[in-house]
Amino acid sequence: MATILAIETSCDETAVAIVKNREVLSSIVSSQIELHRIYGGVVPELASRQHLEIINPEIDRALKEAQLDWEQIDAIAATCTPGLVGALLVGVAVAKTLAMLHNKPFLGVHHLEGHIYAAYLAQPKLQPPFMCLLVSGGHTSTIHVKDYGKYELLGSTRDDAAGEAFDKVARLLNLGYPGGPVIDKLARQGDPQAFKLPEGKISLPNGGFHPYDFSFSGMKTAVMRLIAKLEKRGEIPVNDLAASFQETVARVLTQRSVRCALDYGVKTITIGGGVAANSGLREHLLAAAQKHELQVYFPPLKLCTDNAAMIGCAAAQHYNLGHSSSLTLEVRSRLNITKVMELY
Ligand code: KG4
Ligand code: ZN
């Protein structure tokens with residue numbers, strides 16, 4: 001049994017959690033959304049400063065809520081890649097310092113591996129292999145989880161991430177930031193068939209289309225053109241546009257991730273990232289899963305969005321396998337998920 005204190009500061013959430021294998025003992029997440037809202041997106045320098053200001057009180061709170069002291073912590077973990085370098089540095093520097101101070105192992109964790117581990121927290125009996133559809137503001141990937149620490153990246157976005165596409169379309173419609181939740185809400189009152197939007201298929205040199213990759217920038221541009229056209233005619237049917245956009249994104253994400261599962265003979269699909277909250281995506285995936293006799297797990301939303309519990313759970317698995325990171329491990333803005341073992 002590994003008890004891990006984990007820190008997540010890769011973007012705009014400052015999070016600390018204590019996890020015992022696949023059980024969350026405490027989890028504190030402080031979102032910076034309000035700080036960045038007026039800029040319409042995350043400002044990296046502001047994010048780092050805010051992490052620095054609140055990380056220490058959060059660590060104290062996490063220990064207090066878990067009713068543990070340092071003696072009972074086996075290792076200290078922090079997200080070290082991918083993410084905003086300045087933001088990652090805060091969490092990693094704090095984790096390394098605590099590891100030295102308390103004489104505990106340090107583990108650097110890949111943020112996307114963390115997102116995958118949300119499913120293990122939600123379903124402690126879950127075992128690989130399975131397919132993870134990761135859809136957040138920064139990432140859109142379909143990852144084949146072959147075994148612990150063994151990943152194959154099957155599909156990824158060629159341009160915008162799914163959440164980013166929601167955010168950009170919301171901005172075009174003057175709906176504010178973040179865009180996903182508001183588009184989701186308006187879509188429920190709109191007609192998903194009102195407008196036909198491109199599905200972002202990626203052409204291959206030998207003809208045909210890439211079976212797993214995504215592209216969302218064309219959808220966004222199509223919405224922009226539609227808005228310009230509709231503006232000339234008078235009122236913009238915001239609900240119908242939101243519904244049509246959401247329907248297209250949900251259909252594409254579902255089709256391509258189900259295709260991955262079927263092609264690789266995997267029976268389970270798990271979801272991670274903030275877009276997992278999307279009601280259209282949930283409906284599409286559940287219907288497709290039923291049709292193809294697949295199982296779909298949606299972890300609770302608080303585990304899907306950025307948090308430190310998922311980082312702690314991934315670190316616990318690595319710790320139990322005898323892995324630890326060097327105190328000279330550096331943060332990296334990017335690292336392919338297939339290379340996670342480079343961190344240990
Ligand atoms: O995972 P997350 O909290 O942060 C990272 O990007 O790492 O994801 C945030 C993204 C935002 O782009 C937001 O618009 C989107 O998730 N999102 C949604 C919904 N709730 C959040 N997108 C679609 N539908 C939602 N209900
Ligand atoms: Zn994330």
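Around ligand 1 sit 18 residues, and Gly 137, Asp 167, Asp 184, Gly 274 and Asn 278 come nearest. The model is predicted.

**The ligand 1 site**

| Residue | Residue atom | Ligand 1 atom | Distance |
|---|---|---|---|
| Gly 137 | backbone N or O | oxygen | 2.6 Å |
| Asp 184 | side-chain N or O | nitrogen | 2.9 Å |
| Asn 278 | polar side-chain atom | nitrogen | 2.9 Å |

On its own, ligand 1 has 550 Å² of accessible area, and the protein covers 87% of that. Two helices each supply at least two residues of the shell: H5 (162-172) and H6 (179-187). H6 gives the most, with 4 residues. What kinds of residues make up the shell around ligand 1? They divide into 10 polar, 5 nonpolar and 3 charged.

**The zinc site**

Ligand 2 is a zinc ion. Along the chain, the donors follow the spacing H-x3-H-x190-D. Both histidines lie in helix H4 (residues 111-122). His 111 and His 115 are 4 residues apart there, about one turn of the helix.

Are these histidines buried or exposed? His 111 is buried, because its relative accessible area is 3%, under the 20% cut-off. His 115 is also buried, with a relative accessible area of 2%.

How values were computed:
Residues numbered from 1 in each chain as written. Chains lettered and ligands numbered in written order. Predicted model: local features only at pLDDT ≥ 70, side-chain atom pairs only at ≥ 80, totals over all residues. Heavy atoms only, no water. Near = heavy atom within 4 Å. Polar contact = N/O pair within 3.5 Å; in protein donor to acceptor, adjacent residues only side chain to side chain. Areas by Shrake-Rupley, 256 points an atom, 1.4 Å probe, with all protein chains shown as cover. Nonpolar A, V, L, I, M, F, W, Y, C, P; charged D, E, K, R; others polar. Donors = N, O, S within 2.8 Å, 3.2 Å for Na, K, Ca; no water. Buried < 20%, exposed > 50% of the residue type's maximum accessible area, 1.4 Å probe, protein only.
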